[in-house]
Amino acid sequence: MAPGSATGTDRSFSAKWNMTPPEDRRRLAAFQQRWFLERFGFADEAALADHLACRGLVLDAGTGLGYDAARYARLSSAHVVGLDITDSVDIAARDFGGPQNLHFVQGDLETPPFAPAIFDLIVADQVIHHTTDCARTFATLATLLAPGGELAVYVYRRKALIRELADDHVRALTSAMSVAECLEFSEAITELGRALSDLDATVALTRGIPLLGIPAGEHHVQRLLYWCFLKCFWNEELGWHSSVMTNFDWYHPPSASRHTEQEVRAWCMSAGLAVVHLGTTLSGISVRARRN
Ligand SMILES: C[S@@+](CC[C@H](N)C(=O)[O-])C[C@H]1O[C@@H](n2cnc3c(N)ncnc32)[C@H](O)[C@@H]1O
């Protein structure tokens with residue numbers, strides 16, 4: 001059995017993608033595609049198109065619903081492969097299939113079904129922290145890069161102390177739940193996030209609490225709780241279903257590792273890749289690194 005299947009990662013994401021109706025797929029794609037440009041340092045879609053112009057073969061590793069792979073194929077003449085461990089590739093092919101340069105494949109990126117050194121661009125956006133060993137998966141993807149090729153990866157960032165402790169403990173329980181149980185939990189957590197957000201309350205702290213990762217200043221109560229104590233995602237633009245799915249995506253998969261900028265730089269260095277862009281937000285680290 002493939003590593004991702006053996007750990008149940010495929011079960012969590014297959015459930016997530018098969019529960020996402022077309023309207024939510026469209027809303028999620030719009031939201032994620034805008035966020036992608038910001039995180040990976042592209043001013044707009046034209047800048048991404050420029051970046052794709054010289055690429056012959058592109059891999060979207062952990063493609064999910066396939067909207068990013070479809071965008072790369074639309075913006076360039078590169079052959080684009082969207083790989084995912086789940087049957088989401090069937091949804092992706094139904095939603096986006098047709099262009100001659102777009103291909104969806106079901107497979108495990110921990111044991112990729114490709115020859116080494118063939119891809120000019122590999123993107124693994126919000127994916128490798130769900131594999132059993134994030135550093136090893138990064139190194140595996142790097143072996144697929146052709147000379148001059150680029151690897152673009154986003155991983156979760158390590159959070160404040162209490163949030164990390166809560167994540168470890170709560171996830172140990174929720175990742176062992178059935179899909180239905182974790183969905184119910186995710187709905188309750190989403191309701192909490194929405195209620196705190198609706199409060200629209202802030203607190204002002206004259207002193208920060210560095211040990212707990214809380215800076216001085218004014219904090220929105222939902223954001224403070226979210227970043228420093230407990231993941232309870234709510235986003236008005238995404239709406240109820242996608243917000244619930246975002247919480248489910250955090251609490252159900254067996255692996256959701258968190259990392260530091262230093263770790264990410266070390267992965268690049270040991271794979272022989274030069275960092276060309278690194279962006280850190282409260283949620284994660286986005287890196288683009290090139291094989292020279
Ligand atoms: C959070 S989703 C991100 C999807 C997409 N990249 C995006 O940005 O919207 C993570 C995806 O990675 C896939 N995935 C996780 N582990 C994988 C593995 N070992 N091999 C292939 N796909 C994997 C999951 O099935 C899921 O579709």
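## A buried arginine, salt bridges and a ligand

In this model, the side chain of Arg-258 makes a polar contact with the side chain of Glu-164, at 2.8 Å. A polar contact is a pair of N or O atoms within 3.5 Å; within protein, one must be able to donate a hydrogen and the other to accept it, and residues adjacent in sequence count only if both atoms are side-chain atoms. The model is predicted, so local features need pLDDT of at least 70 and side-chain atom pairs count only at pLDDT 80 or more, while totals for chains, interfaces and linings use all residues. Residues are numbered from 1 along each chain as its sequence is written, and side-chain values use heavy atoms, with hydrogens and water left out.

**Around Arg-258**

- You will find Arg-258 in the loop between α11 (239-251) and α12 (261-270). Helices (H or I, at least four residues) and strands (E, at least two) are DSSP runs, numbered from the N terminus.
- Arg-258 counts as buried because its relative accessibility is 11%. Buried means under 20% relative accessible area, exposed over 50%, and partly exposed in between (1.4 Å probe, protein chains only).
- A polar atom of the Arg-258 side chain also lies 3.0 Å from the backbone oxygen of Ala-256.

- The structure holds 15 salt bridges. A salt bridge is a side-chain nitrogen of Lys or Arg within 4 Å of a carboxyl oxygen of Asp or Glu.
- Arg-26 counts as exposed, at 54% relative accessibility, and Glu-23 is partly exposed, with a relative accessible area of 41%. Together with Arg-27, Glu-23 and Arg-26 are linked in a network of salt bridges.
- Arg-163 and Asp-167 form another salt bridge, their closest N and O atoms being 2.8 Å apart. They both lie in helix α8 (residues 161-174), 4 residues apart, about one turn of the helix. Arg-163 and Asp-167 are both buried.
- Arg-39 forms a salt bridge with Asp-125, where the closest N and O atoms are 2.8 Å apart. Arg-39 lies in helix α3 and Asp-125 in strand β4 (residues 119-125), so this pair ties together parts that are 86 residues apart in sequence. Both partners are buried.

**His-277 and its neighbours**

- His-277 has its place in strand β8 (residues 273-280), and it is buried, with a relative accessible area of 19%.
- The side chain of His-277 has a polar atom 2.9 Å from the backbone oxygen of Arg-39.
- Leaving aside neighbours within four places in sequence, the contacts of His-277 include Arg-39, Phe-40, Ser-286 and Arg-288.

**The ligand**

- There are 20 residues around the ligand, and Trp-17, Gly-62, Tyr-67, Asp-84 and Asp-108 come nearest. A residue is near a molecule or strand if one of its heavy atoms lies within 4 Å of it.
- A backbone N or O atom of Gly-62 lies 2.8 Å from a nitrogen atom of the ligand. For Asp-125, a backbone N or O atom lies 2.9 Å from a nitrogen atom of the ligand.
- The side chain of Gln-126 has an N or O atom 3.5 Å from an oxygen atom of the ligand.
- The protein covers 98% of the 600 Å² of accessible area that the ligand has on its own. Accessible areas come from the Shrake-Rupley method with a 1.4 Å probe; for residues, only the protein chains shown count as cover.

Conventions
Contact means heavy atoms within 4.5 Å.
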